[in-house]
There are 2 protein chains.
Amino acid sequence: MICGVWRRKGKMAVNVVESKEWYLAGYAAEGVPTTDHLTLRSVPLSLSLDSIPDAHVAVQLLFISVDPYLRTRMSGQEDGLYFPQFSLNQVITAFGVGRVMRSKDEKYSEGDIVLNAFFPVAEYCVVPSSVLIRKIDPEAGIRLPEYLSCLGVPGFAAWVGIEVLGEAKPGSNAFISAAAGGVGMVAGQLAKLKGCRVIGSTGSDAKVRLLKEEFGYDDAFNYNKETDFDAALSKYFPNGIDIYLENVGGKMLEAVLNHVNPHARIPVCGMISQYNQIWTEREGVRNLLNIVGKEARMEGFLVGSYLDRFADFTVEMEGYLKQGKISSKIKIYEGIQSFVESLGSLFSSSNFGKVVIEVNKPR
Amino acid sequence: MICGVWRRKGKMAVNVVESKEWYLAGYAAEGVPTTDHLTLRSVPLSLSLDSIPDAHVAVQLLFISVDPYLRTRMSGQEDGLYFPQFSLNQVITAFGVGRVMRSKDEKYSEGDIVLNAFFPVAEYCVVPSSVLIRKIDPEAGIRLPEYLSCLGVPGFAAWVGIEVLGEAKPGSNAFISAAAGGVGMVAGQLAKLKGCRVIGSTGSDAKVRLLKEEFGYDDAFNYNKETDFDAALSKYFPNGIDIYLENVGGKMLEAVLNHVNPHARIPVCGMISQYNQIWTEREGVRNLLNIVGKEARMEGFLVGSYLDRFADFTVEMEGYLKQGKISSKIKIYEGIQSFVESLGSLFSSSNFGKVVIEVNKPR
């Protein structure tokens, strides 16, 4: 909410906003976080240039990326996961697209559209300009939320998983779990472009159709309808699995390990089946011994470690997007207040595609 | 037992031997294989040159290497392990050192000492000369069983694990499980030579002393006395684990995954705690999610895939042996009849060092 104005170069300019933001009120050790754990508050934010430190910018958030890893930062348990835990009473941060409103850095001007991996989940913010990843050209013909999807964290994760760690080659048999999710839908299309045979698992018949009809998967199955993952993989992979992009963990990983080919690659992007349980209560994977005989490689990755390849990725992915070779389903939640609902949707079988929040309408 | 003689070049030469050999009488799905599963039989073998095919050699076995992977070939279950199962009623094969008695290949002469990864577990055999890995120079100053220890499968596995996949560097924190076993004792010494801080786990106090006093480990602990592996690793690795040479699996792996540093390497050589159970009855590993946040790499390996590096390894390891920088404990069982007992010893906490059978005395 805009609360005040300030005259600058003859234009009326906002100088104080009431910014709604989500903060962590309590850790969620188990289950999907709710409004018991996340609270929306409203804070006044001065946008007057005087109040903005040097080398900082004031930003109006446009789109926020809602990704499963956020949940792992809310458990209160530093058990070797991802990033550090969010602090209690501090605002949550996420990847996002915003519009510069004020700048105390000559590299950025009012109106620039910018990307940042750690924007506050808020309507407005003031951040150091050093944290901005880059400016986006709004005339490039790519819709803004795509910078959080194919061109954002999920797209880059898919690229690192399939191309860098998965070493996708023509003829490789690739299996993608959480295949209709933000990472999976891009990963499957990338693997197809590299000449792989691609099978996906997902949580509904509607998503099975989506994978086959819109994303070009060779085949896909609904894991909620399979009582025996091992038998399903025997059917879909008569020649074994060369690449498994791991996004779910647990029983699916165990089944995969019974079907890996020699020198299989298992880039581990995430394990969404594991996020809502304390680790000692999870079902373990019993057949890890198979990675010896098959000389399989399981490798966890965080996209932040591959930023030296981000420019290569961007060029390649922008090319695919402009040529219509890759497409993306984006589920847009309206308004900052939808954060908890949108986060919860990631853990539901009904979720598909990339989840983003439209915080403010782009002008 | 020698049964007949044959005159050649003025010397009396044996032309028929009664050779004892071990064959698989029945698969052992669970537990340690016994004489219920393995049977010794005696077969006559003609050593007359006429009866030996071209490009074959007749060999008197001297030493046979007894390694844990052999057990995985006796379960009757092709569940993604190691090599294929041994066939019922067929002779077991193993890495060994033998002496050429007759040769139908000009590259080999009577008296040559030779290495082979798949010698029959027998007193004598006739094999294609193409399977022989190389000749050994008996004047090199290295005792013959060392070719099955530091210079054999365990030494090579240690080298691949520590140097190739483990990427050992000065200052790395390395943890070796089954540390007093054939692979572990060499791996720890190699890691020390590369400048690592090295901790081992093993199954008795006597072996803890051996690791610290003879093999130069910085510290070691007896896993049979630790009720909480997690707490033990907190104590021994205050700065986390960079390299874990995995040889046991199960609960130890789970504990390690709570202590891995970013970009940790876990070369998986074997998982001896898992070999005597059907996989569905094993306790699973519940915290694999940690490999994502730590970007850890777990990679199974079989030494057979690294044979292009065997010559590099041999040069390096022979150097260490001649300079006294690496030593090896070798437990020698006498006579082919000791195979079942020696195999069983691998699964006992009292085992230490490399286990070999002296089949015939070297002359």
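In which sense do strand β13 and strand β14 of chain A pair, and over how many bridges? Hold that thought for a moment, everyone.

First, some ground rules. This is a predicted model, where local features need pLDDT of at least 70, side-chain atom pairs count only at pLDDT 80 or more, and totals for chains, interfaces and linings use all residues. Residues are numbered from 1 along each chain as its sequence is written, chains are lettered from A, and side-chain values use heavy atoms, leaving out hydrogens and water.

Back to the opening question. Strand β13 (residues 260–268) and strand β14 (residues 297–300) of chain A pair in the parallel sense, over four bridges. Helices and strands here are DSSP runs numbered from the N terminus, with at least four residues (H or I) for a helix and at least two (E) for a strand; two strands pair if DSSP finds at least two bridges between them. Within that pairing, Pro267(A) stands opposite Glu299(A) of β14(A).

Now zoom out. Both strands belong to an open, mixed sheet of 12 strands, in the order β11(A)-β10(A)-β9(A)-β12(A)-β13(A)-β14(A)-β14(B)-β13(B)-β12(B)-β9(B)-β10(B)-β11(B). At the edges stand β11 (219–222) of chain A and β11 (219–222) of chain B, each with a single partner strand, so one side of each has no neighbour in the sheet.

What lies across β9, β10 and β12 of chain A? That is helix α3 (residues 182–193) of chain A, running at about 170 degrees to β9(A). Angles run from 0 to 180 degrees between N-to-C directions, with axes fitted to C-alpha atoms, for helices over the stretch in contact; contact means heavy atoms within 4.5 Å.

Let's turn to where the chains meet. Chain B brings 39 residues to the contact and chain A brings 39 residues. About 3,300 Å² is buried between them, with carbon and sulfur atoms giving 63%; that is accessible area (1.4 Å probe) lost on putting the two parts together, summed over both. Trp279(B), Arg286(B) and Leu289(B) supply 23% of the area that chain B buries against chain A, more than any other three residues.

One last stop: the loops. Most residues other than glycine have a negative phi. Asn89(A), however, has a positive phi near 70 degrees, and its place is the loop between α1 (69–72) and β5 (93–103) of chain A. In chain B, Ala55(B) has a positive phi of about 60 degrees, in the loop between β3 (38–46) and β4 (56–66).
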